[in-house]
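Dear colleague,

I am handing over the structure below, and I would be grateful if you could look through it alongside these notes.

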Amino acid sequence: MKIIELVLAILFISCAVSAAAQVAEKKSLTLEGANTVITGAMAEAEKLNAPGGVIAVVDDGGNLMALERIDGTFAAGANISIGKAKTAALFKKPTKFFEDVIKNGRTSMVALQDFTPLQGGVPLVVDGEIVGAVGVSGAASAQQDEELAIAGASALMESPSADMSAAPVTYIDSGKVSAAFAKGMPLTEVANYKVHASRRTGPGVAEVHTKDTDIVYVLEGSATLVTGGTVVEGKTAAPDEIRGREISGGEPREIKPGDVIIIPAGVPHWFKDVKGPVLYYVVKVS
Amino acid sequence: MKKIISILLLVLAVPAALAAETETPVKPVLTLSAAKKAVEAAEKEAARRGATVVIAVVDDGGQLILLERLDDTQVASVEVGIGKARTAAIFRRPSKVFEDQIREGRVAALALPGATPLQGGIPIIIDGKVAGAIGVSGNTPQEDEEIAIVGASAVSETETSGEKQ
């Protein structure tokens, strides 16, 4: 009996393996993605003051996913835009390529079925894969049709959901975090935010970060934190960073473990008195 | 003298304007923003029912203004959805009318040029005129039509339905 089970299990595993070899995975465009393309092309139409335009988005099989026709655009533009998008998707090239090939003498190419070799269709490429195409018709010229299509296609490539899905996750284990707090040092610093494990044993200088907003969470110790007012003898110590001896005016606060303080960019702040080592977690957002 | 001329001009201009109105009457035109309103309402209704459909809005000439294919909808519904909308627009009645006619034995209705005689296309009526239509495809014919009616009602002045009067 056991042998039968084992044989079945082996058969099952080998089936699964062969299925994996026969089926590849590919990205597919969602309606949300298609609408991102349309919004991008529409914004460009407005920017260029286009007299009209129909924007069509098709999937990798050339099937229509979404279409919008700007008020007043000639009606035939609807089918032409779909044709351009379909051609760009199924032939995996901008339609201008085929318009040029035909113009340069290969007239017989117009005999192809289901083929709209007119400038204004552009494939949608995400991570090197063609997921569909956008076609535009009805703007000021074939050139402008293509400009709108390119604007739509780049809106998809720049959309955060496209890039962010592959962004790396940062993991800092507790040992490293404790070690950082022991010295007081940054945990991570990237373009749009910084995370610091801060430690203070004595009073600090008055500081202004002109670009960073500090979000502070106090973990240990207590201190008098002064915010607002004006920095005395302030000097630019680093780019976007002003430091001075102290703050005149300003509002003092006693801060203790568990407190959260948010200091917007540009607001002076100063650790005036520090009782024992103060440990606080700061996120600096710029 | 001047007054006489201006009166003459006025007298001449009035019939010209009248003639223009009889020769080229004004008709309501479905805008992209109205089409968006219809699709939005239909999409909401489809989501409520968990239906995957294509929603198409065409103008009074049967040409596409706006289309959305909800994620995971069968692709064949694109052409069917547009066809239903075009039928409702150019024949100025719900596409179900033709499906009923054929079912009841009028097979000749299949030969109507430009018609997709399938339930799910509903005219959009503005100022008493058919300004366009909405077509829905992807689910059961009954549900397709119900979703189309919700979309059309968002912009139509009158409730429209494919039910026989």
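Chain A has a secondary structure of seven helices and 15 strands, where helices (H or I, at least four residues) and strands (E, at least two) are DSSP runs numbered from the N terminus. Please keep in mind that this is a predicted model, in which local features need pLDDT of at least 70 and side-chain atom pairs count only at pLDDT 80 or more, while totals for chains, interfaces and linings use all residues. Residues are numbered from 1 along each chain as its sequence is written, chains are lettered from A and ligands numbered from 1 in the order in which they are written, and side-chain values use heavy atoms, with hydrogens and water left out.

Of the 286 residues of chain A, 40% count as buried; here buried means under 20% relative accessible area, exposed means over 50%, and partly exposed lies in between (1.4 Å probe, protein chains only). Among the contacts in chain A with a separation of 6 or more, 70% are between residues 24 or more positions apart, a contact being heavy atoms within 4.5 Å.

The interface comes next. Chain A contributes 18 residues to the contact and chain B contributes 17 residues. Between them the two chains, A and B, bury about 1500 Å², with 49% of it on carbon and sulfur atoms; buried area is the accessible area (1.4 Å probe) that two parts lose on being put together, summed over both. On the side of chain A, the residues that lose the most area to chain B are Leu31(A), Leu64(A) and Arg69(A), which together account for 36% of what that side buries.

Three salt bridges are found by the rule across the interface of chain A and chain B, each being a side-chain nitrogen of Lys or Arg within 4 Å of a carboxyl oxygen of Asp or Glu. The side chains of Glu68(A) and Lys36(B) form a salt bridge, at 3.4 Å from N to O. The rule also finds 13 residue pairs in polar contact across the interface of chain A and chain B, both residues at pLDDT 80 or more; a polar contact is a pair of N or O atoms within 3.5 Å, where within protein one must be able to donate a hydrogen and the other to accept it, and residues adjacent in sequence count only if both atoms are side-chain atoms.

At least two residues of the side of chain A that touches chain B come from each of helix 2 (31–47), strand 2 (64–69) and helix 3 (77–90) of chain A, and the largest share, six residues, is supplied by strand 2 of chain A. Strand 2 of chain A is joined by three bridges to strand 2 (residues 64–69) of chain B, and the two run antiparallel; strands pair if DSSP finds at least two bridges between them. Within this pairing, Leu67(A) has Leu67(B) as its bridge partner.

Within chain A, strand 10 (residues 235–238) and strand 11 (residues 241–244) run antiparallel and are joined by three bridges, with Thr236(A) opposite Ile242(A). These two strands form a hairpin with two residues between them, and Asp240(A) in the turn has a positive phi of about 60 degrees.

Thr227(A), in strand 8 (residues 213–227) of chain A, is buried, with a relative accessible area of 12%. The side chain of Thr227(A) makes a polar contact of 3.4 Å with that of Arg253(A), and the residues that Thr227(A) touches, not counting those up to four places away in sequence, include Gly250(A), Ile263(A) and His269(A).

Asp127(A) sits in the loop between strand 3 (121–126) and strand 4 (129–137) of chain A; its phi is near 50 degrees, a positive value in a residue other than glycine, and Asp127(A) is exposed, with a relative accessible area of 58%. In chain B, Arg92(B) lies in the loop between helix 3 (77–90) and helix 4 (96–103), where its phi is near 55 degrees and its relative accessible area of 61% makes Arg92(B) exposed. At the start of helix 7 (residues 174–183) of chain A, a side-chain oxygen of Asp173(A) comes within 3.0 Å of the backbone nitrogen of Gly175(A), and after that helix comes Gly184(A), with a positive phi near 80 degrees.

With best regards
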